Amino acid sequence: MTDDLKQLIRRLPKAELHIHIEGSLEPAMMFELAGRNGIELPYPDVESIAQAYNFNCLQDFLDLYYQGMSVLQTRQDFYDLTWAYLRRCKQQNVMHCEIFFDPQGHTERGIPFETVINGIGTALEDATTELGISSRIIMCFLRHLDEKSAFDTLEASKPHLDRITGVGLDSSELGFPPSLFQRVFDDAAALGLKRVAHAGEEGPPDYVYQALDLLGVDRIDHGNRSLEDTELIERLVQERMPLTVCPQSNLRLAVVDSMSDHPIRTMLAKGLNVCINSDDPAYFGGYVNENFDALVDATGLTGDEIVQLVVNGFESSFLDGPDKRKYLDQINELR
Ligand code: HPA
Ligand code: ZN
């Protein structure tokens, strides 16, 4: 039975809407790029990198994540990183992806914005023609940095808006509420950009309200702690607000105590518009299919629920109507 479900997961075309491209940096590539760029890593070999990943909260993970991305230096590095992720997508039948990147994680270390966006953007372009994968780019502001830095980043993005669909908000959540970024999100909206924000991963339901009311988001990233507030749940259901849920991330960052405690089935049963994503696959133990597999093994997720989650992913994407329809028709034929 679970084998049938795992086949179903593999057969279905999928969309991924919550993936930090820097979080797809596998230890082997980190080691290779460190060598290529003459950077000293605090690890003797590839195996000890993965062994160091014993974080149990968001901040411990983020410290390693920012250290890891320091090996990314050239346009080619960003191209190679993105291309490796896209090849995984192809293997997993992830046919559409909306990729986050953290410009300030690079500009703060002297890497020009254009080096980053051109490397990522060219790989995504090549994937359209060579792999048949469609994509969007979402630029995230690091919420542990100040508003001025976010405004500078928005300014730096202006020559590249043909490549950028939206803005997001990520990094350390507690103590950095969405309200701090209301003005920069207003400016992003005026530029015609979509808006998303991480909220309710470690932060309280109030941060989800702020993301909705002050930032005007089109999606909430994570959103798990919305379950603590009945009125908020009702509103999210009514607005069909997407929540991009990341099960293996939730487990590794102790948002849930065990995978069998993951609330995904409860979320579906309440009518929430949830979909499944990998977040930082190189750090959390898997890509989209492994996240589905883990839910099947631990929570008894059914075939109908799998299809619903996959449908929600395409419906919540920034694809245009006809492209959404194309994927939804394919899913209908396979279910
Ligand atoms: N939460 C917040 N910031 C992040 C994450 C996350 O899960 N991954 C990469 N940056
Ligand atoms: Zn994330």
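Predicted model: local features only at pLDDT ≥ 70, side-chain atom pairs only at ≥ 80, totals over all residues.
Local features need pLDDT of at least 70 and side-chain atom pairs count only at pLDDT 80 or more, while totals for chains, interfaces and linings use all residues. Residues are numbered from 1 along each chain as its sequence is written, chains are lettered from A and ligands numbered from 1 in the order in which they are written, and side-chain values use heavy atoms, with hydrogens and water left out.

Ligand 1 sits in the largest cavity. A cavity is a set of points, on a 1 Å grid over the protein atoms alone, where a 1.4 Å probe fits but cannot get out; a molecule sits in it if more than half of its atoms lie within 2 Å of its grid points. The shell around ligand 1 consists of His-20, Leu-58, Phe-61, Leu-62, Tyr-65, Asp-170, Ser-171, His-198, Glu-201, His-222, Asp-279 and Asp-280, a residue being near a molecule if one of its heavy atoms lies within 4 Å of it. Helix α4 (residues 58-68) supplies the largest share of this shell, 4 residues; helices (H or I, at least four residues) and strands (E, at least two) are DSSP runs, numbered from the N terminus. The shell comprises 4 nonpolar, 4 polar and 4 charged residues, where Ala, Val, Leu, Ile, Met, Phe, Trp, Tyr, Cys and Pro count as nonpolar, Asp, Glu, Lys and Arg as charged, and the others, Gly among them, as polar.

For His-222, a polar side-chain atom lies 3.3 Å from an oxygen atom of the ligand. Taken alone, ligand 1 exposes 260 Å², of which the protein buries 100% (Shrake-Rupley method, 1.4 Å probe).

There are 3 cavities of 30 Å³ or more. Of the 18 residues that line the largest cavity, His-20, Leu-58, Phe-61, Leu-62 and His-198 are the closest to its centre; lining residues have an atom within 4 Å of a point. Helix α4 gives the most to this lining, with 5 residues, and the lining as a whole has 8 nonpolar, 5 polar and 5 charged residues.

The second largest cavity has a volume of about 40 Å³. Its lining is formed by Lys-14, Ala-15, Cys-275, Ile-276, Val-288, Phe-292, Leu-309, Val-310 and Gly-313, with α16 giving the most, 3 residues. By class, this lining has 7 nonpolar, 1 polar and 1 charged residue.

The largest pocket (an open set with protein on both sides within 12 Å along at least five of seven lines) has a volume of about 210 Å³. Elements giving two or more residues to its lining are α7 (113-130) and β3 (134-142). The lining divides into 2 nonpolar, 5 polar and 4 charged residues, including Glu-125, Arg-136, Asp-162 and Arg-163.

Key:
Polar contact = N/O pair within 3.5 Å; in protein donor to acceptor, adjacent residues only side chain to side chain. Points joined across faces, edges and corners; volume = space filled by probe spheres on them.
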